Amino acid sequence: RIQLDVNNMNISLDRLDDAHETLQKEARILLQELGDKLFQNNDAQDTNDLLNITTNLRQLSGAALFLDAQILSNALKNSAEAVEHYYDIQKSLTHQQLQHILDVLASLELHLDGLRYDYPIHKSVSETALSSSQKIKAVA
């Protein structure tokens with residue numbers, strides 16, 4: 001069963017569904033790894049880790065875009081840009097900034113759960129993510 005609109009009408013629906021399932025699984029794995037890393041390293045972020053965090057946030061942004069979650073994709077992209085800024089100036093993230101990133105990740109997780117279990121995804125989830133990402137970016 002197809003979950004989203006298709007722009008390429010030549011693609012097999014089975015292949016598209018497989019791509020969606022694979023992307024959701026891989027995004028969930030990356031999301032868990034990144035969330036664990038941020039949660040465990042709450043205060044002492046090594047600036048070298050910031051580059052990896054930026055890359056992971058950008059990957060998740062692309063996944064969200066493919067899954068037709070534009071606002072979540074923008075929130076993840078904003079978060080990546082803010083973290084990249086801190087990497088560029090060789091500063092660590094504060095506890096509050098890490099919390100805002102975790103809020104964005106939690107919103108993506110809720111979105112993925114909605115897709116997986118076929119329940120409605122409230123717009124407030126994406127709005128919360130965007131608001132949190134803007135708070136990180138405002139400080140950056």
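The model is predicted. The chain holds five helices and zero strands, in the order α-α-α-α-α from the N terminus on. Of its 140 residues, 41% are buried.

In soluble globular proteins, nonpolar side chains tend to be buried together. Here the largest nonpolar core has 32 residues, of which L38, L57, L60, L76, I101, L105 and L108 touch the most other members. At least two residues of this core come from each of helix 1 (13-40), helix 2 (47-66), helix 3 (70-88), helix 4 and helix 5. The most is given by helix 4, with eight residues. Leaving aside residues up to four places away in sequence, L57 touches L34, L76, S79, A80, V83, I101 and L105.

**Salt bridges.** Side chains of opposite charge can pair when their charged atoms come close. The whole structure contains four salt bridges, including those in the table.

| Salt bridge | Closest N to O distance |
|---|---|
| D49 and K37 | 3.7 Å |
| K123 and E127 | 3.9 Å |

D113 counts as buried because its relative accessible area is 18%, under the 20% cut-off.

D49 and K37 also form a salt bridge. K37 has a relative accessible area of 26%, so K37 is partly exposed.

K123 pairs with E127 in a salt bridge. Because they are four residues apart in helix 5, about one helical turn separates K123 and E127. K123 counts as exposed because its relative accessibility is 56%, over the 50% cut-off. E127 is partly exposed, at 40% relative accessible area.

**Surface.** The chain exposes about 8000 Å², and carbon and sulfur atoms supply 48% of that area. L110, Y117 and Y119 make a nonpolar surface patch of about 320 Å². Y119 lies in the loop between helix 4 (95-117) and helix 5 (123-139). With a relative accessible area of 36%, Y119 is partly exposed.

How values were computed: Residues numbered from 1 in each chain as written. Predicted model: local features only at pLDDT ≥ 70, side-chain atom pairs only at ≥ 80, totals over all residues. Heavy atoms only, no water. Buried < 20%, exposed > 50% of the residue type's maximum accessible area, 1.4 Å probe, protein only. Areas by Shrake-Rupley, 256 points an atom, 1.4 Å probe, with all protein chains shown as cover. Patch = residues over 30% accessible without salt bridge, like charges linked within 9 Å, V, L, I, M, F, W, Y side chains within 5 Å. Salt bridge = Lys/Arg side-chain N within 4 Å of Asp/Glu carboxyl O. Core = buried A, V, L, I, M, F, W, Y, C linked by side-chain atoms within 4.5 Å. Contact = heavy atoms within 4.5 Å.
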